[in-house]
Amino acid sequence: MKNPDQKLRIIFVCHGNICRSPMAEFIMKELVRRACLEDSFAISSAAVSYEEQGNSLYPPAAAKLREKGIPFTAHAAHRITPAEAAGADLIIIMDRSNERLLKRIIKPEDFGKIRYMMEFAGFPGREVSDPWFTGNFESTFRDLDAACRGLLEYAQVNII
C-alpha cells in the first residue's frame with residue numbers, strides 16, 4: 001500500500017505521443033474522474049521519440065475520443081525524460097519497440113516500472129496496434145479502454 005497522501009503516478013508511453021499514449025491518458029483520466037478518485041492519481045503521457053515533439057493530439061485520435069464521450073485538453077507531444085521516469089510509479093507502454101527505445105532513455109533502476117498496456121486487459125503478450133499505421137482508431141480505442149478499466153481496478157485493489 002502506498003502512502004495515502006501520495007498520488008499514483010502513471011505515464012503512458014508510445015512512439016510519438018500523438019495517438020495511443022494521449023488517448024490512454026485521457027481515457028484513464030475520465031475513468032478516474034467517474035470513480036471520484038482524482039486525488040489518488042497523477043496521469044500523463046509521453047513518447048520515446050522526438051518525431052512529433054510539440055504536436056497536438058492527432059486529429060483522428062481526438063475525433064475518436066470525442067465520439068466516445070471522453071473529454072480531453074490541449075496536448076503537446078514530448079519525449080519522456082529520465083526525470084519523468086524516475087518520478088513515475090508505473091510506465092505503461094504499448095509495444096516492444098516502445099520498451100526497447102525507452103530502455104535507451106531511462107535509467108536501469110526504473111526498468112521495473114515498465115508494464116505493457118494490454119497486460120491490464122488480461123492479454124500480457126499483446127501489443128496495442130498503432131492507429132497511425134493501421135488507421136483503425138476504433139480498435140485502438142477498444143484496447144485502450146479495456147486496459148484502462150483493468151488498470152483502474154488493479155490500482156484500486158493493489159495500490160491505492
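Predicted model: local features only at pLDDT ≥ 70, side-chain atom pairs only at ≥ 80, totals over all residues.
Residues are numbered from 1 along each chain as its sequence is written, and side-chain values use heavy atoms, with hydrogens and water left out. Helices (H or I, at least four residues) and strands (E, at least two) are DSSP runs, numbered from the N terminus, and two strands pair if DSSP finds at least two bridges between them.

Strands 1 and 3 run parallel and are joined by four bridges. On strand 2, A46 is the bridge partner of V13; strands 1 and 2 are also parallel, with seven bridges. From strand 1 the chain passes through helix 1 to strand 2 in a right-handed β-α-β crossover (with the strands pointing away from the viewer, the path from the first strand over the helix to the second runs clockwise). Six of the seven residues of strand 1 are buried (under 20% relative accessible area, 1.4 Å probe, protein chains only).

The largest has 38 residues, and I10, F12, M28, F41 and M117 have the most contacts inside it. Elements giving two or more residues include strand 1 (8–14), helix 1 (20–34) and strand 3 (90–93), while helix 6 gives the most, eight residues. Another core, of 15 residues, lies apart from this one and includes V13, A46, L102 and I105.

Notes:
Core = buried A, V, L, I, M, F, W, Y, C linked by side-chain atoms within 4.5 Å. Buried < 20%, exposed > 50% of the residue type's maximum accessible area, 1.4 Å probe, protein only.
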